[in-house]
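Welcome, and thanks for stopping by. Shall we take a look together?

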Amino acid sequence: MDRYDAIVVGGGHNGLVNGAYLARAGLKTLILERRPMVGGAAITEELRPGFQFTTFSYALSLLRPQIIQELELTKHGFLPLLMSTRFAPGEDGEYLLFNRDHDETLREIARLSPHDADAYEQYSHDLDRVCQAVKPLLDSVPPNLFSDDPEELVAMAALGSRLRGLDKRTLHNAVRLLTGSAADFLDDYFESPLLKGYLASSSIIGSKVGPRSQGSGLVLLFHSLGEHDGEFGAWAFHKGGNGGFTQVLARAAEAFGAEIRLEAPVERVLTRDGEATGVALADGTEIAAEVVVSALDPRRTFLELVEPRELPDDLVEDIRRLKFRGVSSKVNFALDELPTHPVLGARPDLYRGFMNIGPSMDYLERAFDDAKYGWYSEHPYIDCAIQSTIDPDMAPPGKHVLSCFVQYTPYELRESDWEAQREPMADRVQATLESHFPGFGALVLQREVQTPLDIERTVGLSEGNIFAGEFLAPQMFFFRPAPGWSQYRTPIAGYYQCGSGTHPGGCVMGAPGRLAAGQILGDRTRASGA
Amino acid sequence: MIRTTPFHERTSALNETGLWQHWSGHLVATRYQASDKFEYFAVRNSAGIFDTSPLYKYRIAGRDSERFLSGMLARDIRTCPPGLAQYTTWLDDRGFVLEDGVIQHRAPDEFLLTCAEPNLAWFADRVGRLAVTIEEVSLDIGALAVQGPRSRELLSRLVPSVGELPFFGITSGTIAGRPVTVTRTGYTGDLGYEVWVEAPDAVAVWDGVWDAAEGYGVLAYGMDALYMLRIEAGLLLLGADFDSSRFAFNDAHRSTPLELGWAWMFKGLEDDDRPFIGRRALERERAEKTSRWRMVGLVVDWEDYDRVYSSAGLIPPKDHRPVHEDWMVYDADRSRVGYATSIMYSPVLQRHIAMARVRPDLAKPGTRVFLEFTVDHHYEQVAAHVARLPLYNPPRKTA
């Protein structure tokens, strides 16, 4: 039987990060991936000759900067390209077009509301301060609330003292965001419906909440915590898409000595006397390892890879209760030409960033209303990016690829299913695009649709939830994925978790993979010292 | 009255920022659009076009031109046959650098020297009885840099011989029916070329290149992006990283080629009996190891940098815009051991980087030093390590 120090189940970005850190520390590490390519939901596929599709995940922001440095990613081709514009078409021909010039951005807002231009400065500053306060949490293991271990008590005290060190306003803003709705927060600053719609869009991504739901503030904050070259809330497009990024990770992992095996689905984790001893592949092959790390989501980590009867009842129950409820789809297009919006015309330089079809909070909230009752939005929210304008290698010269992130498209449809509704939903997306980009339909060379069901089937994310477990306060930090199990260990000795279902959560962040590696290596050091 | 370049009709139409600056008496775009960084990425990821016409250009011709230049230039021009170009420098008789430039060996008895400042008198006054003519052609020739990973594919569709052109090679052809010379040279440290045209043909040639670039993600880039690119590429800038010895008031403002990290130019010096200005001083410096400095790259320790700013309650800035000023460098005992002259946050390296001169005994790659930043209006010393220049050196540059 093959024997490794560590086996990582799942070659998504967190599995790759985790495996790279373990290999870097000298562990003989094997990363097992079910599909023919690594990347999980962060892949790029040439679905049509010359056209590169970011099938699922499509941009980079929350990736922890430490990972770039510690895994030496720039040596392996890490290249986060700048998205230089942001465009938000409104209703009735109104729009916001932001470029990289701060003062021009304020002028652009002032066109809609002079009040909001100044308020935007205050909002950005207030949000930056909250992000600065919260950011260290992304890079540390949550203390165990339920432990009497002196180390944990010290960690709790340190957390408490950090909170006490914040100024009143920042702490209050943090609590408002972590517990309240994005609408309440944004209403305190702004009057322009279009600006609020644009900003509130970040509060619903990947989540079954509307901007007026409690909890959308947390999603807004989470998406503001990313950074690009030190700028909070800025997004980048990696060279070659997020598949380009995970290829960089794979090269880094291999450079540290990790072995990656493709088309090697893991059937179950092998255990003996409450300890992990290796894995069994679907073809029956057994591979031994002292450490097994699941990069899969918590449902699969706890309920599928091991026998629930090996776990405490309360954990099993907590995992069964965990909310997934995917609401996001991707509709990706290969286009014959640049689609044009009437106010931007045919200038490719004005399309080099996200285009946000979410013209008001009312629009977003109505889109959510449809989902509440089990149907996809009649007028969907769409986060678009013509990625070939940012990285011309994404499509042949003059041709383009358009990535559309779509909400809401609930995993469970009332009295229907996604086999029946996949194309009608995509038609609706296309019709929405047509209303903003007249003549859009005639440019479409190919359309690829990924509903929550497809995401679940292809990537393995339960219910197609892009964060491997929703971003709800009871599912974060101390409680992610379950109370008492937020420190990447499991009740089975030697069996660990490192997916986005663990703290701090989803997005192409890598923090779970990195923090889990720290725990694994710490445990090994302690065990060998004892 | 400020001049415009032969491409101005096109560059002015593209410049949406209204930002221009002066370069050798010419108006050049600082940046064309709101984001200099986007222009920079065009060069690193597809291709960018840069109007480099304001360079000073001298045509040096005649039977004795090679002999003349072999005495004037410190790097051996005889190792650069017709069809190649060479990065070179010229020194004063104390062995201090006057300037650097690129010389193209265009034909057996014909060279084109390009440089940043006027040098006509210095060269012309030293011709003596040799059969050499020196003519300034700065305003007669437009120069267009086409730089980036797609530059070869793009230009070779217009000038097929570009496809096989070696690093620092020279070829010729036509673009839009106008004769052009193409050199595989540039100031970006990437795969790239420069297209040399007669000034009246400039706009037609620009259009030819621009039309061929349609759909390829090619952008015009300005001075801001250029300076980012050249620091990553480890290419020195006169007035920032060194000064001309001719106009220095003391030796602190003078540098030898060895101090600037150009020892590689003199690898064959022992076998080359050529007398050239500054040779004896250079040999003495080599033999007696009297160099005061060595030009190196510095890579800032990211953790220490973050620590310094975070402990002040600040978000660590990562500003890609180059700063061309002196920043002090210290050793572990906090003694001053050098100074950085160009610093920036590099998007491709994801680090703050600098070009700096340090004491020669500290020039070994990996040596730990400290670079002084100003944080909250006081000095903070941040750890950095010495690295070989260029800090960014993609294989495609010379492949």
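This is a predicted model: local features need pLDDT of at least 70, side-chain atom pairs count only at pLDDT 80 or more; totals for chains, interfaces and linings use all residues.

Visitor: Which element of chain B gives the largest share of the side that touches chain A?

Guide: The contact between the chains takes 22 residues from chain B and 22 residues from chain A. On the chain B side, the residues divide into 12 nonpolar, eight polar and two charged. Four residues, the largest share of that side, come from one element, helix α2 (residues 36-45) of chain B.

Visitor: How many charged residues are on the side of domain 1 of chain B that touches domain 2 of chain B?

Guide: The domain assignment of chain B gives domain 1 as 8-52 + 139-221 and domain 2 as 56-136 + 256-291, along with domain 3 as 294-396. The centres of domain 1 and domain 2 of chain B are separated by 27 Å, and their contact takes seven residues from domain 1 and nine residues from domain 2. The domain 1 side divides into three nonpolar and four polar residues, and the charged count is none.

Visitor: Now to chain A: how are α8(A) and α13(A) oriented to each other?

Guide: Helix α8 (residues 193-200) and helix α13 (residues 361-372) of chain A have axes that come within 7 Å and cross at roughly 50 degrees. Angles under 35 degrees would count as roughly parallel and those from 65 to 115 as roughly perpendicular. The two helices, α8(A) and α13(A), are therefore oblique.

Visitor: Which residues of α13(A) meet α8(A)?

Guide: By class, this contact has five nonpolar, one polar and one charged residues. From α8(A) come A:Pro193, A:Lys196, A:Gly197 and A:Ala200. Their partners in α13(A) are A:Met361, A:Tyr363 and A:Leu364.

Conventions:
Residues are numbered from 1 along each chain as its sequence is written. Chains are lettered from A and ligands numbered from 1 in the order in which they are written. Domain bounds come from an automatic or database domain assignment. Two residues are in contact if their C-beta atoms, placed from the backbone, lie within 7 Å. Ala, Val, Leu, Ile, Met, Phe, Trp, Tyr, Cys and Pro count as nonpolar, Asp, Glu, Lys and Arg as charged, and the others, Gly among them, as polar. Axes are lines fitted to C-alpha atoms, for helices over the stretch in contact, and angles run from 0 to 180 degrees between N-to-C directions. Angles under 35 degrees count as roughly parallel, over 145 as roughly antiparallel, 65 to 115 as roughly perpendicular and the rest as oblique.
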